[in-house]
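Subject: Handing over the model

Hi,

Here is the structure I promised to pass on.

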Amino acid sequence: MMVHNASRLLLIAFDSVLARRCCEDLRIYCDIDCISSMADLERSVINPGAVIYLMDHTSANHLYNINFIRHQYPDKQFFVISASVSIPLLQQSLHTGVNDLFIYPLSEQDKQALLCTLKNKTSVDIFNELPVTNSEQGGSKIIKEHPLFVVLELIERDYTKSLSLQDLSNAVHLSPSRVCHLFKDICGITYSCYMLCRKIEESERLLAVAKSSISSISYQIGFANPSHFCRTFKEYLNITPTAYANGNRDVEYSPVYLQYQRLRSELFLDLAREVQEQSLYFVGKHHAS
């Protein structure tokens, strides 16, 4: 028998520290029910207005949980809030129909976007609202026709090769200085910082799952020497690669890395729109034939 809690938000989080902090952030806006274990989730009879899955870093377990939760609540608005964004997480979110993906801790803009969706598209009772700001809501400033979107796609494909700025500029028929200015103005970080962040993001995944040495991983992701990799990792995460590989997740992201992660989460919306447009195109083509 389902317990109807349609006016309440369901927060699923297996990390007690993250769950407590997120609840403190959101309880001033709406009522929240919390599930803190997979066993409780499997036994749950809650029928909420919307669902949030809160996670730390991408792992096979988290990706499985996202799929499981979507099947548990197929008709609910489903949001994932993660301490970091990765390509496997983006792919799984798109594949399972996650409605939106946010970086934790939530920025004021992300809170506004989340609360706006909860108010307009769900039955969750929002009894406090953030003041509307002039900042953009609902996605990245980088649409897929923008030359910078092409640059980001090229980086995604070949970031381990440390593409030169000249190579990228040639691909989009712009000068290197113009690409630099676009990157800084739109992404909020420099091209070189983005490249380093992308490599560090991949190193997080490899350190968590691979049995390779620190040196091997540093070369694999495109660093010229392991010392540079270790310094960069420590600068961006405030922890050494060795400690991370040994299971320590007490990270403290630098402002640059946080900005990079937020940019990645914003691009999720563009990717989702593109997938949706492609699906509509093929459906329309099928019906026309």
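**What I found**

The chain has 13 helices and 5 strands; helices (H or I, at least four residues) and strands (E, at least two) are DSSP runs, numbered from the N terminus. Keep in mind that this is a predicted model, where local features need pLDDT of at least 70, side-chain atom pairs count only at pLDDT 80 or more, and totals for chains, interfaces and linings use all residues. Residues are numbered from 1 along each chain as its sequence is written, and side-chain values use heavy atoms, with hydrogens and water left out.

Of the 289 residues in the chain, 47% are buried. Buried means under 20% relative accessible area, exposed means over 50%, and partly exposed is in between (1.4 Å probe, protein chains only). Looking at contacts between residues at least 6 apart in sequence, 65% join residues at least 24 apart. Contact here means heavy atoms within 4.5 Å.

Two packed helices are described by the angle between their axes and the distance between the axes. For helix α6 (residues 147–158) and helix α9 (residues 191–209), the axes come within 11 Å and cross at roughly 40°. The axes are lines fitted to C-alpha atoms, for helices over the stretch in contact, and angles run from 0 to 180 degrees between N-to-C directions.

Which residues of α6 and α9 make the contact? On the α6 side they are L152, I155 and E156, and on the α9 side Y191, Y194, M195 and R198. Sorted by class, that contact of α6 with α9 has 5 nonpolar, 2 charged and no polar residues. (Ala, Val, Leu, Ile, Met, Phe, Trp, Tyr, Cys and Pro count as nonpolar, Asp, Glu, Lys and Arg as charged, and the others, Gly among them, as polar.)

Now try helix α7 (residues 165–172), whose buried residues are L165, L168, S169 and V172. They sit on the same side of α7 because they cover an arc of only 100° around the axis; the arc is that of the directions from the helix axis to the C-beta atoms. These buried residues of α7 pack against α6, α8 (176–187) and α9.

- S162 lies in the loop between α6 and α7. Its phi is near 50°, a positive value in a residue other than glycine, and S162 is partly exposed, with a relative accessible area of 36%.
- N238 is in the loop between α11 (226–237) and α12 (241–245). The phi of N238 is also positive, near 55°.
- Y104 and P105 are joined by a cis peptide bond, with omega about 5°. You'll find P105 in the loop between β5 (100–103) and α5 (108–121).

**One last residue**

The side chain of T96 reaches the backbone oxygen of Q92 at 2.7 Å. Setting aside neighbours within four places in sequence, T96 is in contact with I66, N67 and R70.

Cheers

Methods:
Polar contact = N/O pair within 3.5 Å; in protein donor to acceptor, adjacent residues only side chain to side chain.
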